[in-house]
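The sequence and structure come first.

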Amino acid sequence: MQRLHAVTLLVPDYEAGLAFYAGTLAWTVFSDIDLGGGKRWVLVGPNADTKILLARATTDAQVAAIGRQTGDRVGFFMETDDFARDHAAMIAAGVVFEEEPRFEPYGTVAVWQDPFGNRWDLLEFK
């Protein structure tokens, strides 16, 4: 059996990533392990089955890719079982939405950005 364990998300520094994902979004920190040399293994997520590895950008190319890892497309999709609840909570926490909720054939969706420029969908499937 295989499953996707995590995906990497470049951040300017670990503390900024943790402040947003664990602070603003109230996601769980599953690990924060010092690997030496200023590198850490920082896994966060809304639940144990969905995790992001926060990776501190250390090269010019990595810094340039922060917020653009998917070429300015929506690259991350956060599913909810209650769009109205989570949309309101995210707005109250200061999350920036690019649009009002849309009602598509597949469900309710709105695009939002993390403070690093990554574009996400908040979506509730029908």
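## Terms and basis

Contact here means heavy atoms within 4.5 Å. Axes are lines fitted to C-alpha atoms, for helices over the stretch in contact, and angles run from 0 to 180 degrees between N-to-C directions. Helices (H or I, at least four residues) and strands (E, at least two) are DSSP runs, numbered from the N terminus.

The model is predicted: local features need pLDDT of at least 70 and side-chain atom pairs count only at pLDDT 80 or more, while totals for chains, interfaces and linings use all residues. Residues are numbered from 1 along each chain as its sequence is written, and side-chain values use heavy atoms, with hydrogens and water left out.

## The four-stranded sheet

Helix α1 lies across β1, β2, β3 and β4, and runs at about 10° to β3. These strands belong to an open sheet of 4 strands in the order β1-β4-β3-β2, with mixed pairing; two strands pair if DSSP finds at least two bridges between them. Because β1 and β2 stand at the edges with a single partner strand each, one side of each is left without a neighbour in the sheet. From one strand to the next, the twist averages 25°.

Strands β1 and β4 run parallel and are joined by 5 bridges. On this side of β4, Val-11 stands opposite Arg-56. Strands β3 and β4 run antiparallel, with 4 bridges between them, and a hairpin of 2 residues joins β3 to β4. In this pairing Asn-47 has Thr-50 of β4 as its bridge partner, and Val-42 stands opposite Leu-54 in β4. In a regular strand the side chains alternate between the two faces of the sheet.

## Burial and the nonpolar core

Residues are called buried under 20% relative accessible area, exposed over 50% and partly exposed in between (1.4 Å probe, protein chains only). By this rule β4 is mostly covered, with 5 of its 7 residues buried.

A nonpolar core is a set of buried Ala, Val, Leu, Ile, Met, Phe, Trp, Tyr and Cys residues joined through side-chain atoms within 4.5 Å. The largest such core has 27 residues, and Tyr-21 and Trp-112 touch the most other members. At least two residues each come from β1 (7-11), α1, β3 (39-47), β4 (50-56), β5, α3 (83-92), β8 (107-113) and β9 (119-125). Helix α1 supplies the largest share, 4 residues.

## Aromatic rings

Rings of Phe, Tyr and Trp (its six-membered ring) pair if their centres lie within 6.5 Å; planes under 30 degrees apart count as stacked, over 60 as edge-to-face and the rest as tilted. The whole structure holds 8 aromatic pairs. One of them is the tilted pair of Tyr-106 and Phe-125, at 6.5 Å centre to centre with 55° between the planes. Tyr-106 lies in the loop between β7 (102-104) and β8 and Phe-125 in strand β9, so this pair ties together parts that are 19 residues apart in sequence. Tyr-106 counts as partly exposed at 39% relative accessibility, and Phe-125 counts as partly exposed at 44%.

Ring pairs also link Phe-20, Tyr-21, Trp-27, Phe-76, Trp-112 and Trp-120 into a cluster.

## Single residues

Ala-26 counts as exposed because its relative accessibility is 58%. Asp-72 has phi near 70° and is found in the loop between α2 (60-65) and β5 (74-79). Its relative accessibility is 41%, so Asp-72 counts as partly exposed.

Ser-31 is found in strand β2 and counts as buried at 15% relative accessibility. Leaving aside residues up to four places away in sequence, Ser-31 touches Trp-41, Val-42 and Leu-43. Ala-92, in helix α3, is exposed with a relative accessible area of 70%. Ala-92 and Leu-43 are 49 residues apart in sequence and 25 Å apart in space, C-alpha to C-alpha.
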